[in-house]
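Hi everyone, thanks for making time.

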Amino acid sequence: MSAGILFIVLGIIGAFLPVIPAIPFFIIASICFSKSSEKFHNLLLNNKLVGPHIKRYHENNGIRLKEKVILIIVQWAGILCTSILFIHNITGRVLMIAIASVTTVYILSLKTAKK
């Protein structure tokens, strides 16, 4: 239950930060809640914003190619804009690029759903 709540918080943060993709955190939260709280699991599945993504992931074990492309483009656009406008040291820029690279690899590693 605690892990599910943690991943919900990370998903909410990810919804507002271009560095972190939100949907994978909500998917992980739904997996945690499926083991600990049917009530919270159903709340996530029935949520109008994230529910369809979670259901599609569970039914097809993946996300659509279009969603992968959008996630990666938005993430990298946000990273580049943020690092140019707000991050003025090389360490911060390298860290942001490293995080974006890892999340890009994760997104690409997810199975591509056909529906």
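Starting at the N terminus, the elements of the protein chain come in the order α-α-α-α-β-α-α-β. If you're keeping count, that's six helices and two strands. Do keep in mind that what you're seeing is a predicted model. For the overall dimensions, the C-alpha trace spans about 45 × 30 × 20 Å along its principal axes.

Helix α1 covers residues 2–16 and helix α2 covers residues 22–36, and their axes are 8 Å apart at an angle of about 165°. An angle over 145° counts as roughly antiparallel, so α1 is roughly antiparallel to α2. The crossing of these two, α1 and α2, is left-handed.

Who actually touches whom there? On the α1 side you'll find Ala3, Gly4, Ile5, Phe7, Ile8, Leu10, Gly11, Ile12, Gly14 and Ala15. From α2 come Ala22, Phe25, Phe26, Ile28, Ala29, Cys32 and Phe33. Sort the residues of this α1 and α2 contact by class and you get 14 nonpolar, three polar and no charged.

Now stay with α2, but turn to its other partner on my list, helix α4, residues 51–60. Here the axes of α2 and α4 are 10 Å apart and the angle is about 65°. Angles from 65 to 115 degrees count as roughly perpendicular, and therefore α2 is roughly perpendicular to α4. This time the crossing, α2 past α4, is right-handed. In the contact, Ile23, Phe26, Ile27, Ser30 and Ile31 of α2 meet His53, Ile54, Tyr57 and His58 of α4. That contact of α2 with α4 has six nonpolar residues, three polar ones and no charged ones.

Among the α5 residues in the contact are Lys68, Leu71, Trp76 and Ile79, and α6 brings residues including Arg93, Met96, Ile97 and Leu108. So which classes turn up in the contact of α5 with α6? There are ten nonpolar, six polar and two charged residues.

Last stop, the largest pocket. Its volume is about 490 Å³. There are 24 residues lining the largest pocket, and Ala15, Pro21, Ala22, Ile23 and Leu71 are the closest to its centre. By class, the lining of the largest pocket has 19 nonpolar residues, four polar and one charged.

Key. Residues are numbered from 1 along each chain as its sequence is written. This is a predicted model: local features need pLDDT of at least 70, side-chain atom pairs count only at pLDDT 80 or more; totals for chains, interfaces and linings use all residues. Side-chain values use heavy atoms; hydrogens and water are left out. Axes are lines fitted to C-alpha atoms, for helices over the stretch in contact, and angles run from 0 to 180 degrees between N-to-C directions. Helices (H or I, at least four residues) and strands (E, at least two) are DSSP runs, numbered from the N terminus. Angles under 35 degrees count as roughly parallel, over 145 as roughly antiparallel, 65 to 115 as roughly perpendicular and the rest as oblique. A crossing is left-handed if the near helix is turned anticlockwise from the far one by less than a right angle, and right-handed if clockwise. Contact means heavy atoms within 4.5 Å. Ala, Val, Leu, Ile, Met, Phe, Trp, Tyr, Cys and Pro count as nonpolar, Asp, Glu, Lys and Arg as charged, and the others, Gly among them, as polar. On a 1 Å grid over the protein atoms alone, a cavity is a set of points where a 1.4 Å probe fits but cannot get out, and a pocket is an open set with protein on both sides within 12 Å along at least five of seven lines; lining residues have an atom within 4 Å of a point. Grid points are joined across faces, edges and corners, and a volume is the space filled by probe spheres set on the points.
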